[in-house]
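Visitor: Please take me through one part of this structure in close detail. I would like to see how one chain packs, both against its partner and within itself.

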Amino acid sequence: MIAEARPRPVPESTAAAKGALSISDLDKSFTIGGVSRPVLEAIDLHVEPGEFVSIVGASGCGKSTLLRLIVGLDDEYSGEIRLDGERVATTSLDRGIVFQDHRLFPWMTLEQNIELALLNTDTPQARRAQIVADHIALVNLKGFEQAYPHQLSGGMAQRAAIARALVTEPKLLLLDEPLGALDALTRVHVQNELQRIWMTQRSTMIMVTHDVEEALYLGDRVVVMAPSPGRIRRIVDVDLPHPRDRGAPLLHKLKDEILAELTASPVEPGNLVRLPGREER
Amino acid sequence: MTAALSRRGARIAIGLVVPALFLSWWQWQATAGDARSLAFAPLHSIGSAFVELVESGSLFSDMVSTLSRSLTGLAIGGTLGIAIGVAMAVWRPLDRMLGPLLHAIRQVPLIGWLPLIGLWFGTGQGSELIVVSISAFFPTLLNSYAGVTNVEPRYLDVGRIYGFTPLQRFRLILLPAAMPLILTGLTQGLAFAWIASIATEILLGVGGGLGVTMQVAQTQQRLDVILVAIIATAILGFVINQLFLRLRRHLLRWQAAPL
Amino acid sequence: MASAALRVPPADAFRSSRSALSSILAPVALLALWQLACLSGLFPPQVLVPPSEVAHTLLELARSGELERHIGESMFRLAAGFTIGALAGLAFGATIALSRLAEAALSPFFLALWQVPVIAFVPMLVIFLGIDEPFKIAIVALAAFFPVALATFDGVRGVPKTWFDVARVYRTRLPDLIWRILVPATIPSVLTGLRVALTRAWVVLIAAELLAADSGIGQMMEMGRQLFRIDVVLAGVVVSGLIGFALDWGARAIERRAMRWRMA
């Protein structure tokens, strides 16, 4: 699979030009021991440019598989995944991803790790050092440029991974349980950082998490998924301005609702309910 | 007792007891005056043998001989081992072709090939170097192969995401990730090369070296010379190994804990 | 220096050699190639003889009973030396693992000796013991001693300290401590050490027989070399290789059996 170094120009007719994701009728199954097991079923999702969408669900609902399909690490699926109208078939610098394990190369310094993202772009060599430095500053890791990953704490390494993903200025940034490996205190800190970075950059972001609170705190919308096979149960609008207040009553209310749903009995497919949440004044 | 042992001075002192006892027993055997003491060499004669070997320069040249044979063999066998091991790991067809073959050859202990190699290439230094190279070949081959095949797929994923070409993938991911095991292979190869060097020197008795000196001394019943050579072997071997470990630690300084 | 050599990569290291078919195919192909090369007259008989001739020589040796004699002598020395060396290694390794005092007193000397390749002791042992059976058994014992001692040390040290505490609370007697706690816990490590030691011992034995012996597989090969009987040399290579392979395979099988036992 050869990745495209640069996105081809988008046709004029498409309404959104920077980072609109459109998933239609997506199905995915794995063949294990000769038996076909469905992992994702009838996924429909449209993400507007600059939106932050969270995806929550229990284990086994195919959240990570969905992200792998969107980023192009996996290309076997039926249905449509389109970024700005173009079908997703392979990896591309348009779409970045941050994994739960930071996946920085242990044998490279922080600086080298981030710079390698620019390796196959047509960014002029002279500008690369500056771009890297800017992004290191963006995630507040100034001073650690020469550190090896093993010298960084979990939170710092994850921030470095975020910097690496953003340095190519992707249209779409995917985050696969990025804070799952961090302790509770670090998690809150990096959540704040993530919100700040998103507000600065306004890239489209899709984040998978098992932490409902986190999903609601960061997301404009929260997609609730059901497992076996993975389906979208419902999509919750979180109509609150950024930066968010963790104590907002609406967040707590939605959290209770979603948690109740996630721990309830399975729902029929196609039962898509949109429940707008508006703050009551 | 345990508390006493934790003090460094105490540990060193205790550690010296057994060697001291051993040396005393040795000296007693050597000066007992009976038939057996003909075999033992009194301690002072070991000392004088040491002086003798140093003054004639033969100790130094022996050490250089053995060392250069080991390192040359390591260079040859190791380079081949790394190259083939990495190549086999990256190209499946090569693996299919060579794998079972190498696996079969490996079953025969190296020492078994020595008479054959002696017949083919004569009993000179060339044969010795061949055996030393072969002994360094297999550990480096196997470890390099394992190093590349065990590169974690998650790093390769990152390479795909950033559009790495096959060359970039090799240079930036496969090779560095495999480096710990490649270096392990070289360390093992060094150990095997060192042992093979001494062994071929003893068995073929040509080309200078600590083993040759030991073998010759044995025919002359000069136990004192043999002992000097054995001690020199131990010390030199230890020093080389330590240097190698230092080099390894420097090359792998990005690792969390020293390996 | 020998420490790094203790960890031997697994027998089925290559992906390709894991299928039974390819493991057999390649040696067979090699044999066929060899036979053809010799028949085509490419190599003079001093350099290489065809496998058919080697097989013929092997049969001859077997029929005359000579092969049996050589193998018997070698195996006897291996068995005697290995038993002595392994038992000594077990005792030594366990002792320095269990007693801090013993470790402090004995391990420096042990580690110093271990820096010397076993084969370097051959000239010295020849002076003391001559070139007869005692010498060969002694060198085999020495070769077996070090890996077993190290593996036993690792195994015993690896036993969680809490187990010993529990034993002390229940006032377990020493024999019980050894048989019921130590032995089962250390079996994997010890078995691996024994296997490595066996392979080492075999190699060292062949080397010793090459040097100085009047019988044995190694001596058979050396005699063949001196008489320029390359078929005899190759026959020796085949036999030593097969025996070495069989020993290793047998040891691994025992290891696997014991591990399975443990898991259950």
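Guide: Two residues count as in contact if their C-beta atoms, placed from the backbone, lie within 7 Å. Bear in mind that this is a predicted model. By that cut-off, 54 residues of chain C are in contact with 58 residues of chain B. On the chain C side, the elements giving two or more residues are α1 (20-39), α4 (100-114), α5 (122-129), α8 (174-211), α9 (217-226) and α10 (230-263) of chain C. That side of chain C has 41 nonpolar, nine polar and four charged residues.

Now go inside chain B. Helix α9 (residues 166-204) of chain B meets helix α11 (residues 223-251) of chain B. Their axes come within 11 Å and cross at roughly 165°. Angles over 145 degrees count as roughly antiparallel, so α9(B) is roughly antiparallel to α11(B). The crossing of the pair is right-handed. From α9(B), the contact uses B:Met179, B:Leu183, B:Thr187, B:Leu190, B:Trp194 and B:Ile198. From α11(B) come B:Thr233, B:Gly237, B:Phe244, B:Arg248 and B:Leu251. Sorted by class, the residues of this contact are seven nonpolar, three polar and one charged.

A word on confidence, for chain A. Its mean pLDDT is 84, and 88% of its residues reach 70 or more. Over residues 1-16 of chain A the pLDDT is below 50. Where pLDDT is low, the predicted coordinates should not be read in detail.

Technical notes
Residues numbered from 1 in each chain as written. Chains lettered and ligands numbered in written order. Predicted model: local features only at pLDDT ≥ 70, side-chain atom pairs only at ≥ 80, totals over all residues. Axes fitted to C-alpha atoms, helices over the stretch in contact; angles between N-to-C directions. Helix = DSSP H or I, 4+ residues; strand = E, 2+ residues; numbered from the N terminus. Parallel < 35°, antiparallel > 145°, perpendicular 65-115°, else oblique. Left-handed = near helix turned anticlockwise from the far one by under 90°. Nonpolar A, V, L, I, M, F, W, Y, C, P; charged D, E, K, R; others polar. pLDDT = per-residue confidence, 0-100.
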